[in-house]
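Here's a quick briefing to read alongside the model. Have a look at the fold first, then go through the notes below.

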Amino acid sequence: MQADKILVHFSQIFNPNDQGKPLTKEAMNEAQIIEDGFIAIKDDKILAIGSGEPDAELQGENTEIIDYSGKTATPGLIDCHTHLVYGGSREHEFAQKLNGASYLEILEQGGGILSTVESTQAASFEELYDKTNRLLDYMLDYGVTSAEAKSGYGLNWETEKRQLEVAKKLNEDHPIDLVSTFMGAHAIPKDLRDNSDVFIDQVIDMLPKVKEENLAEFCDIFCETGNFTADQSHRLLQAAKDLGFKLRIHADEIDSIGGVDVAAELGATSAEHLMKITDDGIDKLAEADVIANVLPGTTFSLMEDTYAPARKMIDAGVGLTLSTDCNPGSCPTINIQFIMQLGSFMMQLTPVEVFNAVTINAAYSIDRADTVGSLDQGKQADIAIFDTPNIDYAIYFFATNLISSVYKNGQEVIK
Ligand code: NIG
Ligand code: FE
């Protein structure tokens, strides 16, 4: 078959080995590394990849040949944990943080998530749409072509629905593919502070509406001290599972209170944060094939020093992925490249492990590995092109946007 375009002479192409499940252990540090590589694209799909001159049968009269000498190609990056749709911002909490106030102290005083809930409840669909659209534009600039987006700043149905509808519309309008997560249980509303079980009941009542309107594939909950207990998390996620939702859970971020056990018991797709995970918790994730989604930008932004034990998790056989956690409080950034660099600098992951984490393993975490996450024939032609000679340079030269172009569904959307 003839290609529409062939991108040629990459100094390096990084292509993960898609083994039909998230990569773990030694396989996490392996990939196809192609020197002087080419990528042939037909319509919106990958037609072939290889090294040297592209095969004659790929080239027809109308095939466009584009030279990428000196550059590196990888699958489009996937940011598989974000809280993208929100109103307002929280830079005023920064001074409190510098003065030593902890994340949970700020939340207890009615700030934190609750402050963003107020701004989000007050924001119109258009305001949320424009704000999120801008974040997605930045993300695309940094090489992200798919992302997960959580609700959770509504704490009531009307606002949760608006957040999810914004994500749904942007999935249609923006080049980045969005996978939605319903996170109705993100904090306890002020008026139910002492009645959080009642709030869990309210969130359970929202689940069928989310399903009917096809507003989210996943359900998530903040299982944490001062938020929701492991029992409450189990109750909500079991109800979600019964309705056909796939599950994720914010677990062991600040304290280890049983969220990992809930993830393993209910067969969640992924457990997220895990800064405080125990060795026993790591074994449980490995046994239950729950992906560990670690968010080193949050540790950095909370000015803490406990990074999730990513190396231990890989060695124990847990599928690991990395993401930004982009949100207005605990991690205000969309810069996935910086997160990848933190994965190496602070968690000692190799560049190959880091790129596998944000491509193929992230694709499994959003349940899209059949279409994205690697550059195999037939997958979407989503490609991040770095202005670097290899992937090692893209980790080593940190905190700079190293993207040179981005292809989404075979079209060059950033050049
Ligand atoms: O993942 N942990 C809970 N939720 C977010 C923070 C949200 C916020 O502070 O607005 C997180 O860290
Ligand atoms: Fe989060």
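Helix H7 (residues 230–242) and helix H8 come within 9 Å of each other, their axes crossing at roughly 25°. That makes H7 roughly parallel to H8, a label for angles under 35 degrees, while over 145 is roughly antiparallel, 65 to 115 roughly perpendicular and the rest oblique. Bear in mind that this is a predicted model, where local features need pLDDT of at least 70, side-chain atom pairs count only at pLDDT 80 or more, and totals for chains, interfaces and linings use all residues. Residues are numbered from 1 along each chain as its sequence is written, with chains lettered from A and ligands numbered from 1 in the order in which they are written.

**H7 against H8**
- On the H7 side, Ala-230, Ser-233, His-234, Leu-237, Gln-238 and Lys-241 meet Gly-259, Asp-261, Val-262 and Leu-266 of H8, contact being C-beta atoms, placed from the backbone, within 7 Å.
- By class, this H7–H8 contact has four nonpolar, four polar and two charged residues (Ala, Val, Leu, Ile, Met, Phe, Trp, Tyr, Cys and Pro are nonpolar, Asp, Glu, Lys and Arg charged, and the others, Gly among them, polar).

**H8 against H9**
- H8 (residues 259–266) packs on helix H9 (residues 279–288) at an angle of about 15°, with the axes 9 Å apart (axes are lines fitted to C-alpha atoms, for helices over the stretch in contact, and angles run from 0 to 180 degrees between N-to-C directions).
- H8 and H9 are therefore roughly parallel to each other, and H8 passes H9 in a left-handed crossing.
- Val-260, Asp-261, Ala-263 and Ala-264 are the H8 residues here, meeting Gly-281, Lys-284, Leu-285, Glu-287 and Ala-288 in H9.
- The class count for H8 with H9 is five nonpolar, one polar and three charged residues.

**H12 against H13**
- Helix H12 (residues 336–345) and helix H13 (residues 351–358) have axes that come within 9 Å and cross at roughly 135°, which makes H12 oblique to H13.
- H12 goes past H13 in a right-handed crossing.
- Ile-336, Met-340, Gly-343 and Ser-344 in H12 meet Pro-351, Val-354, Ala-357 and Val-358 in H13.
- This H12–H13 contact has six nonpolar, two polar and no charged residues.

**Strands**
- There's an open sheet of eight strands, in the order E6-E7-E8-E9-E10-E11-E12-E13, with parallel pairing (strands pair if DSSP finds at least two bridges between them; helices, H or I, of at least four residues and strands, E, of at least two are DSSP runs, numbered from the N terminus).
- Strand E6 (77–79) and strand E13 (320–322) are its edges, each pairing on one side only.
- From one strand to the next, the twist averages 25°.
- E7 (residues 144–150) and E8 (residues 177–185) run parallel, joined by five bridges, and Glu-148 stands opposite Val-179 in E8.
- Elsewhere, E14 (residues 383–386) pairs antiparallel with E15 (residues 403–408) over four bridges.
- Tyr-407 in E15 stands opposite Ile-383, and also opposite Glu-412 in E16.
- The hairpin of E15 and E16 has two residues between the strands, and Asn-409 takes a positive phi near 50° there.

**Ligand 1**
- Of the 13 residues around ligand 1, Ile-113, Phe-222, Asn-327, Gly-329 and Ser-330 come nearest (near means a C-beta atom, placed from the backbone, within 6 Å).
- The shell has three nonpolar, eight polar and two charged residues.

Notes. A crossing is left-handed if the near helix is turned anticlockwise from the far one by less than a right angle, and right-handed if clockwise. Two residues are in contact if their C-beta atoms, placed from the backbone, lie within 7 Å.
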